[in-house]
Amino acid sequence: MNKIMKAAMIVATAFFAIGLHAQDVIVNPEVSYAGTPRECEIGGITVTHFENTPDFTLIGLSGLQVGQKIEIPGDQITDAVKRYWRNQLFSDVSISVDSIVGNKAFLHIHLKMNPRVSSVNYYGLKKSEREDMEKKLGILVGAQITRDMLDRARLIAKSYFDDKGFKNAEIDVQQRPDVTKEDYVILDIIVDKKQKMKVREIIIDGNNALPDKKIKGGLFRKGAFAKTHEAGKLSSFFKSKKFTTERWNEDKKKLIAKYNEHGYRDAVILEDSVWNVDENHVNVYVKVDEGQQYFVRNITWVGNTVYPTDYLNHSLGLKRGDVYNQKLMNKRLTEDDDAVGNNYWNNGYIFYQLDPTEVNIVGDSIDLEMRITEGPQARISHVRINGNDRLYENVVRRELHTKPGDLFSKEAIMRSMRELASMGHFDPEAITPDTKPDVLNGTVDINWQLQQKSNDQIEFSLGWGQTGVIGRVGLKLNNFSIRNLFRKNAEHRGIMPIGDGEVFSLGAQTNGTYYQSYNASYSTAWFGGKRPIQFSVGMYYSKQTDVSSNFYNSAWQNNYLNYMYGYGGYGYGYGYNNYENYYDPDKYVQLIGASLGWGKRLRWPDDHFMLSVQLAYTRYMLKNWQYFLLTTGKSNNLNLSVQINRSSTDSPLFPRTGSEFTASVTITPPWSKFDNIDYKNLATNRRSPSYNDEQQKKYRWVEYHKWKFKMRTFTALTKAQKCLVLMTRVELGILGSYNKYKKSPFETYYMGGDGMTGYSTSYAEETIGLRGYENGTLTPWGYEGYAYDRFTAELRYPFLLGNTTIYGLTFLEAGNAWNEVKKFNPFDMKRSAGVGLRIFLPMVGMMGIDWAYGFDKVFGEKGGSQFHFIIGQEF
């Protein structure tokens, strides 16, 4: 009997041990039980693990504690094991009973932590996709791997590529041990994107009222064709190249919005479906119920006391019998510049609300009731500026049209945004007016959120010209402060005083012997600091020495010599049919000059207008310089310029809206009217021994009157921040004379090419760009442009906006120049087209490259394919 009992106890102990192992509990095999659960008190808990985590933290995760009553075996230990697994931090969990002393059980918890991430590798992705995945997945090196982390990575990656049109993308996340680190693994995320899922056919059912040509303008862009069951015909309207669920949902909303726009307020989508045609294509089906078309019958206004009903009806622009166009109605109520709501918001009514309500529907007619809550007028209480750390605060505040005590005005806020952007010291894309209305006090606080950007520019550049390597050094400080230059303890950046937003620039350009040019200028938009009065002063000096080379080998330059001197370059011995250059110190032109400018913002016709006046003096010193009417001698140019300009653009770097307009006239005294010199018979014979003396007498004082008109407009083609913008430009110029026998040898127009001045600054010419042709080739006879015009249509798209701005462009351009004002013909133009890229870097400025093709012939040669490099921003 004893043997039977012992055998039974051994079998029971074996089954008990197997049961505990199933619950991840191991009991000391030396402890024997009768096979029934035993209640014990936990006498102690120890933990074995491989991490630097405190024991008490790990014990706390179990839910067990010393002194707790448990059953062995029992649910408490099973629940403790489950708690560890739910944390997903462990790859192995077991709980054993080390011993039982009396009624106390001593537990031992064995844990093995999940490995940590050593590195993450991505396969099958482009650089930009890899960067996006890193941000979206957020897997950090050193993070502990969990099952949720891996599942989440697969789901996010799958969703990411679904949105990009890769519906069949396969995502595989693999782990492999890092042999250099214990308990660390390397994650390999392997992506096989497959082909993009594209739409092969879109089937629209039920569209009786709106044919395909009405729908296609706003639906299913970028693609192939659609089929309409009712018509049974194919129509070639654009649709999406790639299929994503998100895009399809957006397209369905656009479809309903298109119907609402045409008065079908009840239009609904009855059903839609998408199915795979093959591995890479889907078909899409949508069935619509158009409902009936509705028209406006009566419009009544309720609650309006500030503006009469007739005025509001006129602003709304909807009348009895019009199609019930909800999109147009919303634009006229809130979105347009002259919308009904802006009448209130621009007059202090920030608490204004309008609720358009359909109060009656009879047949196909709808009665509308415009319910207005005007509220009180609100005045601006506080204006705060955040994010400005380089300019004195008054410099920023003086640009604002939102001042404490003024009535709130949405228009004033928009104008202030444009003024802040035009300063160039803040990121125009980050300027945010945060309005805080206070209903109880009838006031509003405006907090301007700004993001400072550096706009000082330093230039070190090398280029290659006719005379070899050309070096350029420049410094432009856009936050200069001349008053701090003489004040102790004033704010400085290094040795430069800053804070007042003034502009100070220095520049030098040289290639050593042949050419030197130096300039310095200072300007401020708030002379005296209290009123918007511009003041500027500048000085410059340049000298260029002749370089004999293959200068006369082009047709237009030989024509110039024949016209001016009666001989060609080769016949007279000045042309060289090679590219050897040599320095001739007896042939040069020098210029020295200074200017003083003043400007004032006008209040009429509006305060976007600016009147500017500039007095300038230039002295020309020439010796054997064959490229002007005056070849040897000294000449003086004293002139006065008057300019009216208007600018209302929303950004200086990438304008989307607004315009720029400039009209100017520059005049010199009419010296020939009172010096009693017979210019008709002066310096007419180039072979005369006294010709140079007569030239000196004729051009001692230059005289002319110069008229210019420039205008640019900017139109955003969509409302998105990154949108296509159409820029149009019209530009005209005329250089006239008081005496037809004394035409100005300077200040002519040098037209064609990239529009960069280069050496032509020293020539005292105005450079006008026309892409698609070589520099200067549109100038008649080389250097005698006395009239010009230019017309441009340019389509721009931004790739990057902010401190660094990048945008692409494509353009059509046309223009010409004439050697006599009376020959001016705006319809005789040289045409071109092309594409380009612009990059603005804060410390460098605007740079770009254009490729253009000139379609017309100049002196017998077509402009053809031309590349143009651009430095600086042209009006």
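Mentor: Begin with the secondary structure: helices and strands are DSSP runs, numbered from the N terminus. The model before us is predicted. L735, for instance, lies in strand 32, which covers residues 725–736.

Trainee: How many helices and strands are there in the protein?

Mentor: The protein has 15 helices and 39 strands.

Trainee: Is L735 buried or exposed?

Mentor: A residue counts as buried when its relative accessible area is under 20%. L735 has a relative accessible area of 2%, so L735 is buried. In the protein as a whole, 45% of the 875 residues count as buried.

Trainee: Which residues is L735 in contact with, leaving aside its neighbours within four places in sequence?

Mentor: Contact requires heavy atoms within 4.5 Å. With those neighbours set aside, L735 is in contact with Y704, H705, K706, F746, E747, T748, Y749, Y786 and V821. A separate distance concerns I667: its C-alpha atom and that of L735 are separated by 9.9 Å, while the two residues are 68 apart along the chain. For the protein as a whole, consider contacts between residues at least 6 apart in sequence: 62% of them join residues at least 24 apart.

Trainee: Let us turn to helices. Which residues of helix 15 are buried?

Mentor: Helix 15 spans residues 691–698, and its buried residues are Y691, Q695, Q696 and K698. Viewed down the axis of helix 15, these buried residues fall within an arc of 165°, so they line one face of the helix. They pack against strand 29, residues 633–647.

Trainee: At what angle do helix 4 and helix 5 pack?

Mentor: Helix 4 (residues 127–137) and helix 5 (residues 147–163) pack at an angle of about 135°, and their axes are 10 Å apart. Angles over 145 degrees count as roughly antiparallel, and 65 to 115 as roughly perpendicular. Helix 4 and helix 5 are therefore oblique to each other. Their crossing is right-handed. On the side of helix 4, the contact is made by E129, D132, M133, K136 and L137; helix 5 contributes R152, A153, I156, A157, Y160 and F161.

Trainee: Finally, the cysteines. How many disulfides does the count come to?

Mentor: A disulfide is a pair of cysteine sulfur atoms within 2.5 Å. By this rule the count is zero.

Trainee: Are C40 and C723 buried or exposed?

Mentor: The same cut-off of under 20% applies. C40 has a relative accessible area of 0%, so C40 is buried. C723, with a relative accessible area of 1%, is buried as well.

Key:
Residues numbered from 1 in each chain as written. Predicted model: local features only at pLDDT ≥ 70, side-chain atom pairs only at ≥ 80, totals over all residues. Heavy atoms only, no water. Buried < 20%, exposed > 50% of the residue type's maximum accessible area, 1.4 Å probe, protein only. Helix = DSSP H or I, 4+ residues; strand = E, 2+ residues; numbered from the N terminus. Arc of directions from axis to C-beta. Axes fitted to C-alpha atoms, helices over the stretch in contact; angles between N-to-C directions. Parallel < 35°, antiparallel > 145°, perpendicular 65-115°, else oblique. Left-handed = near helix turned anticlockwise from the far one by under 90°.
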